[in-house]
Amino acid sequence: DKTLIAHSSSATAVYLDASAGNLFSASDDGAICVWDLQQYIEDNRQMFPIFSFKGHTDGVSDLKICSNTVLVSSSWDTTVCIWDAGAVNRASRHELEAERERELERESAAAEEGNYQ
């Protein structure tokens, strides 16, 4: 079992892009997260997203990959967004990992100060 950690609200839709090894998840928080399933590590029970699409102001109701480079999402904010899904593949894994490390350091520092919620 894996726990995917990122959304601050209920997940509303998922899409598996098996050819790229990515899982896309949408949420009531308005974000779409991308998970690299190739980073699965047996003894690590948590995964963090490698990329996020943010632009909806309300929950995402559905998402679809139309090609290897086009992601389409609909939202309860009455909009449909077209995203560059190819950006996930172009993003530097090193940059994404460095950002995640900085986020974990901020969370750790906040927890030490008693401000973590």
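User: What makes the contact between the side chains of K64 and D62 a salt bridge?

Analyst: In this predicted model, K64 and D62 lie 3.5 Å apart, N to O, and a salt bridge is defined as a side-chain nitrogen of Lys or Arg within 4 Å of a carboxyl oxygen of Asp or Glu, so the pair qualifies. By this rule the count comes to 1 salt bridge. Local features here need pLDDT of at least 70 and side-chain atom pairs pLDDT 80 or more, while totals for chains, interfaces and linings use all residues. Residues are numbered from 1 along each chain as its sequence is written, and side-chain values use heavy atoms, leaving out hydrogens and water.

User: Why is K64 called partly exposed?

Analyst: Its relative accessible area is 44%, and the term covers values between buried (under 20%) and exposed (over 50%), with a 1.4 Å probe and protein chains only. D62, at 32%, is partly exposed by that scale too.

User: How do you know that β7 pairs with β8?

Analyst: Two strands pair if DSSP finds at least two bridges between them, strands being DSSP runs (E, at least two residues) numbered from the N terminus; 6 bridges join β7 to β8 (residues 70–75), so the antiparallel pair meets the criterion. D62 has S74 in β8 as its bridge partner.

Definitions and conventions:
Helix = DSSP H or I, 4+ residues; strand = E, 2+ residues; numbered from the N terminus.
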